[in-house]
Amino acid sequence: MTSKRVLATLCATLLSAVSAQSAEVNVYSGRGEALIKPLLDTFSKETGIKVNLVSGKDDALIERLKAEGAQSPADVLMTADAGRLHRAKAAGLLQAVDSPTLNAAIPAAYRDPGNQWFGLTLRARVIVYAPERVKREELSTYEGLADPSWKGRVCMRSSDSIYNQSLTAALIAHDGEAATLDWAKGVVANLARPPKGGDRDQIKAIAAGECDVSLVNTYYLAGMQNAEEPAEREAAAKVAVFWPNQKDRGAHVNVSGAGITAAAKNVAEARKLLEFLVSDEAQRWYAEVNQEYPVKAGIAISPTLRTMGAFKADALPLARLGELNAQAVRLLDRAGWR
Ligand SMILES: [Fe+2]
């Protein structure tokens, strides 16, 4: 080898060592840090790619991305609900990722048709009720909660909640706008108290006898069933799950997911991270720790979720929830759903 070639080889080796060392990916995450950090650490160990994690409130992170624009250090946005992922896309904050790995692992209904966001974990929005005061035969569908027989018996969180907005969007998609407006008015007329609190608070209100029935995401109930605080476990033990719309389209489901930002500087690393998150190992851990259903087929669900039973999921492509979000928000406002 000539000395020139030795020098060139040495330079190339040094360069690749430097770039390997500096390989990193910056993540803005709306998930609780404890729910995602160990998984990101595993990714770093396996790939040598350092993950810089910024945790925050979902909507605040989206506002931050907007404010930072092309200067944003973020490469990946992780956030909950297809409605919110769609908002990030509509605001031009994400970029398309053409990944056969992601497309193979995630059913088409659970990712953006334009490949800008990908569902990573799945949750259902179920009816919870007080078995002491409600007969299962009284329950059937989301639509049924507008029936006058529920007058004064329903608790709901506010219409600010993306979860209720996305459910309303699904109802618009299936039943049409006029019927969904009637439904929302009916639910409002049945409320036991003005909308307030989060999903856990609806479970606590049923446990306290303030109302008989509500809607919650499965992981909140599962989380309370496994909580360290006895009060949380006791409240959870006083409610039962009913899977709505099993005789027709199936229960409303949604995802937590992620996309690569439009401003990303570390696109290859970001893509590797998303692909890692749909690996069998990550899907199992992520779903189990978060008490969510894996998006990927063939991965075991947590023992707690198993106790809730099998269910039929609504096949509506979740991108529709984003497209109908603004319409849903206006409709809930018109119905007087605070
Ligand atoms: Fe949540």
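Predicted model: local features only at pLDDT ≥ 70, side-chain atom pairs only at ≥ 80, totals over all residues.

Student: Which residues coordinate the iron ion?

Tutor: Tyr163, Tyr219 and Tyr220 do, each through its OH, at 2.0 Å.

Student: And how are the donor residues spaced in sequence?

Tutor: The pattern is Y-x55-Y-Y. Tyr163 sits in helix H6 and Tyr220 in helix H9, so this pair ties together parts of the chain that are 57 residues apart.

Student: Are Tyr163 and Tyr220 buried or exposed?

Tutor: Both of them are buried.

Student: Switching topic: how many salt bridges are there?

Tutor: The count is 23. One of them joins Arg157 to Asp199, with the closest N and O atoms 2.8 Å apart. Arg157 is in the loop between strand S5 and H6, while Asp199 is in helix H8, 42 residues away.

Student: Why does Asp199 count as buried?

Tutor: Because its relative accessibility is 1%, and buried means under 20%. Arg157 is buried too, at 17%.

Student: What does Glu177 pair with?

Tutor: Glu177 forms a salt bridge with Arg334, at 3.4 Å between the closest N and O atoms. That pair links helix H7 to helix H15, 157 residues apart. Here Glu177 is partly exposed at 34%, and Arg334 is exposed at 54%.

Student: Nice. Which residues do shared partners join into one network?

Tutor: Asp58, Asp59, Arg84 and Arg87, through salt bridges that share partners.

How values were computed:
Residues numbered from 1 in each chain as written. Heavy atoms only, no water. Donors = N, O, S within 2.8 Å, 3.2 Å for Na, K, Ca; no water. Helix = DSSP H or I, 4+ residues; strand = E, 2+ residues; numbered from the N terminus. Buried < 20%, exposed > 50% of the residue type's maximum accessible area, 1.4 Å probe, protein only. Salt bridge = Lys/Arg side-chain N within 4 Å of Asp/Glu carboxyl O.
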